[in-house]
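We will go step by step, from whole chains to single pairs of side chains.

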There are 2 protein chains.
Amino acid sequence: MSEPAVKTDVLEERLASLDAALQSGRMRRLKPMLASLSPAEIALFLESIPRAKREVVWALVPDEDHGETLLHVNDEVRAELIDSLDRETLLAATEGMPIDDLADLVEDLPEQVTREMLRSMDVQNRERLKVVMSYAPDSAGGLMNNDTITVRPDVSLDVVSRYLKQRASLPDDTDALFVVSRYGRYLGMLPLAKLVTLDPERDVSEVMNTDIDALAVDMPAAQVAKRFQDLDLISAPVVDPEGGLVGRITIDDVVDVIRDEAEHSIMSLAGLDEEEDVFAPIGRSARRRAIWLGTNLATAFLASEVVGLFSDALSKIVALAVLMPIVASMGGIGGSQTLTLMIRGLSLGQIGFANARALLVKELAVALINGILWGVVVGGIAFVWFHQLGLAVIMAAALVINHLNAAVTGVAIPLAMKKMGIDPALAGSVVLTTFTDVIGFASFLGLGTLFLLH
Amino acid sequence: MSEPAVKTDVLEERLASLDAALQSGRMRRLKPMLASLSPAEIALFLESIPRAKREVVWALVPDEDHGETLLHVNDEVRAELIDSLDRETLLAATEGMPIDDLADLVEDLPEQVTREMLRSMDVQNRERLKVVMSYAPDSAGGLMNNDTITVRPDVSLDVVSRYLKQRASLPDDTDALFVVSRYGRYLGMLPLAKLVTLDPERDVSEVMNTDIDALAVDMPAAQVAKRFQDLDLISAPVVDPEGGLVGRITIDDVVDVIRDEAEHSIMSLAGLDEEEDVFAPIGRSARRRAIWLGTNLATAFLASEVVGLFSDALSKIVALAVLMPIVASMGGIGGSQTLTLMIRGLSLGQIGFANARALLVKELAVALINGILWGVVVGGIAFVWFHQLGLAVIMAAALVINHLNAAVTGVAIPLAMKKMGIDPALAGSVVLTTFTDVIGFASFLGLGTLFLLH
C-alpha cells in the first residue's frame, strides 16, 4: 500500500494512455497495459475505440481474460468480436467460466463452437449448463448459477465444517450454504458467518435463516433486481414450482440487471438501443436512427398540417408565425417533466392506476400556476415586441391551455401505454410532443384567427 | 414453500391493495399489511401516496422498521416525515441501526436529536459514527461501515476460527475478514470461504487475498461503484492515505449509488431532481419547474428572434411558416440521439476527448445520410403539398444543414460542458435545442429569403 491514493478519473486516464499507445502504434507498450486491466475495463476500452482497431487490440488481450471480456462488451461489439475469432480461440475463451456466465455467452456463439464446448465439458457441468440455458435469459433461472453447496437440516455445524474442509474450496462469491430436505426442497440458508461463530454442536436447523423467501425460477429479472435492492440481499436461493432448490443468484449478476435497466430507460427516450455500439458501422447506425426520425417526421407533419389550416391568419399577421414555436416548445418542456416523473414512478412502482388521479390533480395545479406565470411573462414580452394587446392576451391564453394539455397527456400517455404493453420510455416522448405541438399551434393560431382577423 | 410461485408485479398488487385499504379507511387491515412489507417497500408506499395521508400511514408502520424506512424514502419525503415526528420517536428509530446507515440519516435529523442519540450510544459506536460522519457522504468514507473484523497475518486459521467462536457473531454482510499489520496497515482479505475450507494449520498470510486494491477513503462514490461493478466485488477495504484500514464497503450500499446515478441522469434530462417527492406541495413543485421553463423560454425567444428576422419572407410565402417547425424538430431529434449517446458514453467512461474526433466523424456521416434521406422525403412531400420546386429543394437543403449541425453540437456540447464542470445531462438538451432551433429556422428561412423572394 505504498502507492498513492487512487485519484479521480484514474480509469479515464488509463484509457487515454491506452489510446495514445494505440494511436502511436506502440503495440509493445499496449500489451502490459491491457494485462493490468480487469476484463470489464478491457471491454470498455474495446467499446471506446473504432471498429477497425478492435481486432488489433483483441490480439493483445491476455488469453485468460478472453471469456470474461466477451461477456462484458455490449451485445453488438460481442457479435462483432465473435465473428472475427476462429473456433479454437472461442473454445479456449469459454474454459473455466462460471456456468451462469457461460450460459449468457453461449447464446451468441456459433452452434458448432457450442457443440464442441459441450462435448469437452464434464457430465456434471454440461448438465448444469443445459439447465441454466433452458430458462429465459431475463428470468431468475437465466441469471442463476447452479453450483450451490447444500446441507441437510439435521446435521451439526461441526459435520458441515468437516464436509467443507474435505471439499477444500467453494464456488465464487459463496457467502451461505443452502439447507435442503432429503427431497431437495429448499428449507433455509446457512450463512458462513454463522458457521464460523456459532457452537459447532448445534444443528443446522436451529441456526439457519428462514426469513428470505426463495425466488421462483421464472421470476422476471427486473423483479429479482427489485427484491435484491429492497431486502439488501447478497445472494438468494432459486426454486422450481415445487419448491425444489435449483440454484442461487448472487448480487454481482443483479447489479448488471440494474444498470442495464437504467441504461435502457435513458437510451429509449432518444429511440436508441442500450446495446448499440458507439462505433457501429455508419450504414447500420443511419438505418436504425432513420426509423426514429421517420416516426418523428410523421408527427411533425401532423403539426405542420395544423399550422397549414391557419395559412390565412399567418399570411396576415406575421407575428403569429414568429411566436408560435414558443407556445409549442413551452408545452413540450412542461409535458416532458410530467412524462419523466411518470416513467420513473412507473418503473419504481411508485405510480400506478391507484394514485394516478391524485397525481393528475397535482400536475394540473402545477401546470396552471406555471401556465399563468409564464403566460403573463410571454404575453408581456410579446406586447413590448409587437405592440398588440390582443396578440399578447392570446399568447398568454394559449400558453395556459398548452400547459394544462401537457399535464394531462404527460400523465395519461404513459399509463395508457403501460396498459397496452408498450414501453412508455420508448414511445412516450414522440406521442407527447405530437400533442403539445398540435394543441399548442392550434390553440394559438385558432385564437388568433378568431380574435385578431377582421 | 407450499406457496405458489411469486407472480409478476406482485409488489404493484400489494401497493394497490394497501391503497384500497387506505382509501376505504380500513386502518385495521392496513397495519398487518404494512408489517409484512420490507422497509424499502414501506418507503415506496409512503412515496406513492399524497402527503396528507402519509402521517396516518406512518403511525401504523412497525416501530422496528422506522429507522430503515426513513433511510429508504427520498430526501424530500424524509425531511417531511422527520419534521412531523417527535424527539422520542426519532431517537427510538435510530436504535440498532448500522453505523453507515446511521451516518446517512443523522445529516437530516434535528441537532438536538443527534446530540441525545450520541449521548445514548456506547463510546466505541459513538467514535465510529463520528469517523464516518467526518467524510463526505458521496465518498468511500461516507459509504463505508467501520465495524470491520481484523486479524494478523502471522496467526493460523485455527486461531482465527477460535477467535470468531469467542465473538459469537459477525457484523451484517461480513463475507471476509481484513488482514492488517501491527500498525493497522491493510495487507489483504481473508474470505470466510477460505477459512472454512482450508487447512487450519496454515497461516493467514499464506492464504489471504492480496489481489483487491483497497479503496482510498476520499474516492468519489461514483468511482467506488465503478470499481465494484468492474471487479464484481461484494465487499472492499477502505484505507486512509497512509494505507491504514479505516472501514469496509459492502455492495448493498453501492447498489444504491448505482441506482441513484442512473435516476439522476434520467431526471436531469428533464430538469428534475431525483430526490423530488412525486407529491411535493404544489407551490414548491411549481417554483422548481418554473426555473427550468424559464431557461427554456429564454432559448425559445432566441429562436423566435431569429424567425422574426425573416418576417418579410414569412409574410409573403406562408408555406415557410407552415414547414419551418419540421426543420427544427428533425434537427432536435437527431441531435438528441447523438447527445444521449454522448451522455451515456461519458458517464460509462466509454467516450472521452481521446476518441471524440473518431466519434464526430461517424456521427457526421450518419447525419449526412439521414439528412439526405429525409431531406428528399420531406422535400418531396413539400413539393406535392405546395407545388413549388424551389421550396422543396430549400427544405431538403435546410434539413441536411440542420442534421449536420445537430451532429456537431450533439458531440461538442457535452464535451464542452464536461470541461467546464457542468453536468451534460442537466443542461445539454436545452443548449442543443437552442442550436437546432436557431440553425434550423435560420437556414430554412435564410435560404427561402435568398432564393424565393424576388
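Before going on, some ground rules. This is a predicted model, in which local features need pLDDT of at least 70 and side-chain atom pairs count only at pLDDT 80 or more, while totals for chains, interfaces and linings use all residues. Residues are numbered from 1 along each chain as its sequence is written, chains are lettered from A in the order in which they are written, and side-chain values use heavy atoms, leaving out hydrogens and water.

**The interface.** Next, select the residues in contact (heavy atoms within 4.5 Å): 132 from chain B and 133 from chain A. Together the chains bury about 11600 Å², 68% of it on carbon and sulfur atoms; this is the accessible area (1.4 Å probe) that two parts lose on being put together, summed over both.

**Salt bridges.** Here the rule is a side-chain nitrogen of Lys or Arg within 4 Å of a carboxyl oxygen of Asp or Glu. Four salt bridges cross the interface of chain B and chain A. Zoom in on one of them, A:Glu363 with B:Arg289, whose closest N and O atoms are 2.8 Å apart.

Helix α19 (residues 318-348) of chain B is your next selection: with 18 residues, this helix gives the most to the side of chain B that touches chain A. Helices are DSSP runs (H or I, at least four residues), numbered from the N terminus.

**Last stop.** Over all chains there are 41 salt bridges. Pick A:Arg54 and A:Asp277, with closest N and O atoms 2.7 Å apart. A:Arg54 sits in helix α4 (residues 51-58) of chain A and A:Asp277 in the loop between α16 (251-269) and α17 (282-308), so the pair ties together parts 223 residues apart in sequence.

Terms used
Helices (H or I, at least four residues) and strands (E, at least two) are DSSP runs, numbered from the N terminus.
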